[in-house]
Amino acid sequence: MGAIALCAVLYAVCYVEGLRLSHRAAYHTLENLRISLQEKLERQPLGVVQEQGVGAVKKMFLDDIESIELLLAHALPEGLANVAVPLTVYLAMFFVDWRLALLSLSSLPLGLVAMAAMYRTGVRQMGRYYAAAQKMNNTIVEYINGMEVVKVFNRDGESYRRFEQDVREYRDFTLAWYRVCWPWMALYHTVLPCVALVTLPVGAYWVLTGLSTLPDFALVLCMGFAVGAPLLRALGFLSSLPQVHYKVTALEQRMAAPPLRQTDAPFRGAGTDVDFDDVHVSYGEEEVLHGVTIHVPQGSLVALVGESGSGKSTLAKLLVHYYDVTAGAVRVGGQDVREMGLEALNRQISYVAQEQYLFRTTLQENIRLGRPDATDQAVWEAALRAQCGPFLARLEKGIHTDAGDGGKELSGGERQRISLARALLKDAPIVVLDEATAFLDAENEERMNAAIAQVIRGKTVVVIAHRLQSIVGADRIFVLEAGRLADAGTHGELLARCPVYRKLWQASEESARWMLAGGTGGDAL
């Protein structure tokens, strides 16, 4: 009894210490994986990362990597231990009576066949299962982030139906998948541990006929009953291996994705001319820009116009190197953006998009992102020049107010003015305004006109706008249609000769009349 107690204590100590070491190693490995993935994502085109969706990236960083912990912290140490026990017991059985030992092994082939059938069925459906999970994740994130808009526009029913549909599709697919696997799972859980299935009747007959002895038969049966539990635990970990393999493969593919083509070279361009030279861009198999060539002289203000999906925002994002071109080149001052570092490029360009993200810190620190070494006084002056003064004065803590998650504490127009203050503070020689005034209303129109005038003074400016009244004074307007350059010229020239531009202008005029009738303002530049 003393030896048994000592062995039990020794087992407990070794088990706990083994788990401690395996968990320590596992979580260090997960840490390294997450850091490595973050570094890989940082080197990939930002546009490609954004296209994956917040839900997919979150699932990759949290759920997929976390699932590897099961393999590292449990499956390896516990699984190996649970395999070692049955192997040792079966080896001992052969020393007792090799014929009875073979009988005890007879349940294994049937159980393993059932397990293999279950895995084969599961692996075939695994890709669709994770695709459904990813779709549900993205929908949940979108649903939560868009709650405010849904409530304001009374679209609860429509938004909830999509949310409910994706959740139900995931549930139905998962249950259908399990329904196919369950019979095989039940079969191998029943057969594998049942070593007496053949041993009991056949072994008893051998004892009666004198082929084996009763003590050997009883000992083999007792040893066989000790095999089932650890064998099932070991094989239970085996069921997680295909899922872990699928997730590891997905992570490897993500880490192996081609990085953004760039160097560590500084900006060596001559001036701030911008050139799109025979630019082609493809998303997967679909080409969205077809040989676009545009020249933007230094100090000029040009506009890119076209219907939604014509490629104008893609051009703006190519200029700030969100994507790599498939063919052609984008140059700043004659230097290819791929031949300089992102940091060097970003010093030359202020990019103000329609959706500006504010971090959960003070408005002062959000503005200071434009120039991290700026003094408090410089930040405050940029805020005043961007016409932030009136709404900052209404806030209890003024410029030291916390912006909240994603800037939720501010209105859309206020967030735009904070982003313009960033651009003013940065004072880059090239300014890209990608629908940057989308949240303007009549009350803020005059202030925003003044703010934008401050931002673009003396700069090379590329503007994207749906409402064309804001860009009639542009030095040159480039008209895009279905990813191709349809025409280029001044407002008057395009009205006279370009049917695509005339159509856009008529639509913009009708929109402006409707908005004036409704008492709201439009974009201004």
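How many bridges join S1 to S2? Here are some friendly notes to read alongside the model.

1. This is a predicted model, in which local features need pLDDT of at least 70, side-chain atom pairs count only at pLDDT 80 or more, and totals for chains, interfaces and linings use all residues. Residues are numbered from 1 along each chain as its sequence is written, and side-chain values use heavy atoms, with hydrogens and water left out.

2. To answer the opening question, 8 bridges join S1 to S2, and the two run antiparallel. Two strands count as paired if DSSP finds at least two bridges between them; helices (H or I, at least four residues) and strands (E, at least two) are DSSP runs numbered from the N terminus. Ser 282 stands opposite Glu 287 in S2. The hairpin formed by S1 and S2 has 2 residues between the strands, and Gly 284 in the turn has a positive phi of about 70°.

3. Now look at the whole sheet: it is open, with 4 strands in the order S2-S1-S4-S5 and antiparallel pairing. Strand S2 (286-296) and strand S5 (335-336) are at the edges with a single partner strand each, so one side of each has no neighbour in the sheet. S4 (residues 327-332) is joined to S5 by 2 bridges, and Arg 331 has Asp 336 in S5 as its bridge partner.

4. In S6, 5 of its 5 residues are buried. Ile 349, Tyr 351 and Ala 353 point one way, while Ser 350 and Val 352 point the other way. In general, side chains in a regular strand alternate between the two faces of the sheet. S6 pairs with strand S7 (residues 430-434) in the parallel sense over 5 bridges, and Ala 353 has Asp 434 in S7 as its bridge partner.

5. Is helix H17 (residues 412-426) enclosed or open? Of its 15 residues, 14 are buried, so H17 is largely enclosed by the rest of the structure. Just after H17, Asp 427 takes a positive phi of about 55°.

6. Of its 43 residues, Ile 471 and Tyr 501 touch the most other members. H17 gives this core its largest share, 6 residues. Apart from it lies another core of 35 residues, including Phe 276 and Tyr 351.

Key: Buried means under 20% relative accessible area, exposed over 50%, partly exposed in between (1.4 Å probe, protein chains only). A nonpolar core is a set of buried Ala, Val, Leu, Ile, Met, Phe, Trp, Tyr and Cys residues joined through side-chain atoms within 4.5 Å.
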